[in-house]
Amino acid sequence: MNQRFSLRRRAFIKTFTFATAYSTLLRTVRTDIVAAEIIPLATSSTGTLRLKLSNFPALANEFGSVRLIINPLIGGPPNGPRPDGQFYPVIINRAANNTFYALNSRCTHQNCVVDPLDPSINQMICPCHGSVFAIDGRRVSGQATSALTRYMVRFDGTNTLEVQIPSLGYTVVGSLIQGAGNARGRVRLEFRALRKIEYEVHFRDSLDKEAAPVPFSSTPDGPLEQTVFSVNTNTNASLYVERNAAAGFYTIAVRIVEA
């Protein structure tokens with residue numbers, strides 16, 4: 001009989017990858033903050049993006065800025081770039097006195113993606129029509145009709161920044177399939193895959209070790225030859241990995257880039 005375990009959303013960033021961890025031994029989610037993680041709120045699909053500032057050198061100084069891209073960007077001025085998918089990049093800016101702002105990069109004029117903060121002028125500019133925004137997302141000038149959408153943030157005063165971002169929560173269900181592939185069986189990881197996002201499967205046998213990509217199959221008994229999974233429409237997906245160890249932690253990682 002398959003054993004099924006509902007997992008809370010987790011996301012880790014290392015060279016910027018979101019991930020959900022599944023323990024084959026303890027049947028619980030374990031956390032390991034490499035650079036950032038996403039934790040969902042219990043009552044909604046909102047996720048809390050937790051960043052370790054030490055992993056983002058640009059945020060070490062005042063007026064530093066990073067832009068994290070989830071869906072690939074397509075097009076260019078005068079009508080782009082725009083995300084090829086539902087998620088606009090997230091811009092995180094550091095102001096004076098340990099003040100941080102996290103912003104949706106969607107311009108309020110014609111929905112182009114706004115550039116990260118230019119520290120030489122302490123402003124963000126939309127490349128399409130030149131609308132200008134302040135470090136906190138307020139509209140300064142141009143055809144934009146209002147400020148950029150701001151996400152709630154919390155800084156611990158040392159190294160951890162938390163950002164609440166809508167629609168980044170999801171559920172993963174893990175199943176142990178006995179006798180599939182080898183004597184230990186296989187692990188099935190079920191999740192909601194979103195369009196135009198690239199997924200990998202990572203594994204570590206203990207939390208003090210580095211996670212590494214592992215090959216997987218999209219069928220229960222198919223060859224373990226895939227390394228990247230993506231879909232053109234949102235769908236419920238299942239990925240299968242070999243259970244080569246008695247215990248360990250699998251993650252479904254979403255590739256994220258900083259640009």
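**View 1. Strands E10 and E11 are joined by three bridges and run antiparallel.** The model is predicted, with local features requiring pLDDT of at least 70 and side-chain atom pairs counted only at pLDDT 80 or more, while totals for chains, interfaces and linings use all residues. Residues are numbered from 1 along each chain as its sequence is written, and side-chain values use heavy atoms, with hydrogens and water left out. Strand E11 covers residues 132–134. Strands (E, at least two residues) and helices (H or I, at least four residues) are DSSP runs, numbered from the N terminus. Two strands pair if DSSP finds at least two bridges between them. Methionine 124 faces phenylalanine 133 of E11. The two strands belong to an open sheet of three strands, in the order E10-E11-E12, with antiparallel pairing. Strand E10 (123–125) and strand E12 (139–141) are the edge strands, each pairing on one side only. On average, neighbouring strands of this sheet are turned by 35° against each other, direction ignored; axes are lines fitted to C-alpha atoms, for helices over the stretch in contact, and angles run from 0 to 180 degrees between N-to-C directions. Strands of a sheet pair through backbone hydrogen bonds, either parallel or antiparallel.

**View 2. The whole protein chain has 22 strands and zero helices.** The chain holds 259 residues, of which 49% count as buried. Buried means under 20% relative accessible area, exposed over 50%, and partly exposed in between, with a 1.4 Å probe and protein chains only. The accessible surface comes to about 11800 Å², and carbon and sulfur atoms account for 49% of it; these areas come from the Shrake-Rupley method with a 1.4 Å probe, and for residues only the protein chains shown count as cover. Of the contacts (heavy atoms within 4.5 Å) between residues at least 6 apart in sequence, 59% join residues at least 24 apart.

**View 3. Strand E9 is largely enclosed by the rest of the structure, because five of its five residues are buried.** E9 spans residues 100–104. Phe100, Ala102 and Asn104 lie on one side and Tyr101 and Leu103 on the other, and both faces are covered. Strand E8 (residues 90–94) pairs with E9 in the antiparallel sense over five bridges. Arginine 94 has phenylalanine 100 in E9 as its bridge partner. The hairpin of E8 and E9 has five residues between the strands, and asparagine 97 takes a positive phi near 60° there. E9 is also joined to strand E13 (residues 150–151) by two bridges, and these strands run antiparallel. The bridge partner of alanine 102 in E13 is tyrosine 151.

**View 4. Phe191, Tyr199 and Phe229 form one aromatic cluster.** A search of the whole structure finds five aromatic pairs. Rings of Phe, Tyr and Trp (its six-membered ring) pair if their centres lie within 6.5 Å; planes under 30 degrees apart count as stacked, over 60 as edge-to-face and the rest as tilted. The rings of phenylalanine 191 and phenylalanine 229 have centres 6.4 Å apart and planes at 75°, so this pair is edge-to-face. Phenylalanine 191 lies in strand E17 (residues 186–193) and phenylalanine 229 in the loop between strand E19 (212–213) and strand E20 (235–242), so the pair ties together parts 38 residues apart in sequence. Both of these phenylalanines are buried. The rings of tyrosine 199 and phenylalanine 229 have centres 6.5 Å apart and planes at 50°, so that pair is tilted. Tyrosine 199 lies in strand E18 (residues 199–204), so its pair with phenylalanine 229 ties together parts 30 residues apart in sequence. Tyrosine 199 counts as buried because its relative accessibility is 5%.

**View 5. The largest nonpolar core has 37 residues.** A nonpolar core is a set of buried Ala, Val, Leu, Ile, Met, Phe, Trp, Tyr and Cys residues joined through side-chain atoms within 4.5 Å. Ile92, Leu161, Val163, Phe191, Tyr199 and Phe229 touch the most other members. E17 gives the most to this core, with four residues. A second, separate core of 15 residues includes Tyr101, Leu103, Cys128 and Ala144.

**View 6. Leucine 53 sits in the loop between strand E4 (47–52) and strand E5 (65–69).** Leucine 53 counts as buried because its relative accessibility is 6%. Not counting residues up to four places away in sequence, leucine 53 touches Leu59, Arg94, Phe100, Phe155, Asn159 and Leu161. The C-alpha atoms of leucine 53 and threonine 160 are separated by 6.2 Å, although the residues are 107 apart along the chain.
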